[in-house]
Amino acid sequence: MNDDYLSFEDFLKMILSVLEKAGIDYMIGGAVAVWPWGEPRSTQDIDIVIHLDIEQINALSKELEKVDIYLPPDIILENLHETRIDLPINAIHGASGYKAEMFLMREDDELRKTAFQRRVKVDFGSEIGEIYIHSPEDLIIYKMLYYSLSQQTKHIRDIGSITKTRGEKLDYEYIQEWSIKKQLSSIWQEIKRELDGE
């Protein structure tokens with residue numbers, strides 16, 4: 001095996017180390033956050049919310065460059081000032097092709113702020129350690145949101161695996177409240193019907 005081979009777990013540790021060294025608070029979402037709450041599935045991307053201040057931009061860019069991810073400060077600053085659409089900053093590792101999609105905290109995004117306050121520290125084992133991830137409820141809400149935009153069934157499968165695994169431990173009132181706020185009620189009702197029918 002090539003000594004330069006980088007596993008996805010190594011990439012995850014690399015990104016977490018970059019954020020730690022740059023002093024940036026974070027929360028992992030997407031498929032990685034599903035691992036402890038539902039059924040793990042393979043992925044090439046890390047979805048991550050970061051709480052980035054302007055004065056941290058240079059540090060983030062420098063730490064990424066140390067691990068062969070080139071993201072100039074002006075690109076990060078441009079995204080920070082872009083408020084019309086919620087696009088992630090894509091940190092792509094050239095050698096492996098792995099990608100970290102970094103979503104920024106925004107003052108007018110109540111769901112993301114609430115989800116960040118509810119983030120959970122979970123032990124991913126000795127290789128990765130303890131990391132902050134979405135709560136299972138917020139993960140379900142975001143999965144519904146992404147499904148409404150993309151119609152990708154992987155999001156529905158993830159929601160199904162989380163609800164099966166977590167069962168009555170889930171705060172269904174919280175999910176219902178945000179599904180109404182985000183106009184996702186029809187998707188949530190359909191998911192519940194399917195689950196109840198099984």
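1. A definition to start: rings of Phe, Tyr and Trp (its six-membered ring) pair if their centres lie within 6.5 Å, with planes under 30 degrees apart counted as stacked, over 60 as edge-to-face and the rest as tilted. By that rule the structure holds eight aromatic pairs, and ring pairs join Phe 8, Phe 11, Trp 35, Tyr 98 and Phe 124 into a cluster.

2. A word on the ground rules. The model is predicted, so local features need pLDDT of at least 70 and side-chain atom pairs count only at pLDDT 80 or more, while totals for chains, interfaces and linings use all residues. Residues are numbered from 1 along each chain as its sequence is written, and side-chain values use heavy atoms, with hydrogens and water left out.

3. Please have a look at Phe 8 and Tyr 98. Their ring centres are 5.5 Å apart and their planes stand at 75°, so this pair is edge-to-face. Phe 8 is in helix 1 (residues 8–22), whereas Tyr 98 is in the loop between strand 3 (89–92) and strand 4 (99–104), 90 residues apart. Helices (H or I, at least four residues) and strands (E, at least two) are DSSP runs, numbered from the N terminus. Phe 8, at 7% relative accessibility, counts as buried, and Tyr 98 is buried with 8%; the cut-offs are under 20% relative accessible area for buried, over 50% for exposed and partly exposed in between (1.4 Å probe, protein chains only).

4. Trp 35 and Phe 124 make a tilted pair, 6.1 Å centre to centre with 45° between the planes. Trp 35 belongs to helix 2 (residues 30–37) and Phe 124 to the loop between strand 5 (120–123) and strand 6 (130–133), so the pair ties together parts 89 residues apart in sequence. Both Trp 35 and Phe 124 are buried.

5. Two charges sit over rings (NZ of Lys or CZ of Arg within 6 Å of the ring centre and within 35 degrees of the ring normal). Arg 119 lies over the face of Tyr 132, 3.8 Å from the ring centre. The charged end of Lys 181 is over the ring of Trp 178, at 4.3 Å from its centre.

6. Next, a helix pair. The axes of helix 6 (residues 136–150) and helix 8 (residues 172–181) come within 9 Å and cross at roughly 30°. Axes here are lines fitted to C-alpha atoms, for helices over the stretch in contact, and angles run from 0 to 180 degrees between N-to-C directions. Helix 6 and helix 8 are therefore roughly parallel to each other, a label for angles under 35 degrees. The contact (heavy atoms within 4.5 Å) involves Glu 137, Asp 138, Ile 140, Ile 141 and Met 144 of helix 6, with Tyr 174, Ile 175, Trp 178 and Ser 179 of helix 8.

7. Two loop residues deserve a check of their backbone. Most residues other than glycine have a negative phi. Gln 151, not a glycine, has a positive phi of about 60°; it lies in the loop between helix 6 and helix 7 (153–166) and counts as partly exposed at 47% relative accessibility. Gln 183 has a positive phi near 55°. Gln 183 is in the loop between helix 8 and helix 9 (185–197) and is exposed at 73% relative accessibility.

8. Finally, what does Ile 89 touch, not counting residues up to four places away in sequence? Its contacts are Leu 71, Ile 76, Asn 79, Ala 100, Glu 101, Met 102 and Leu 104. Ile 89 is in strand 3 and is buried, at 3% relative accessibility.

Note on methods:
Angles under 35 degrees count as roughly parallel, over 145 as roughly antiparallel, 65 to 115 as roughly perpendicular and the rest as oblique.
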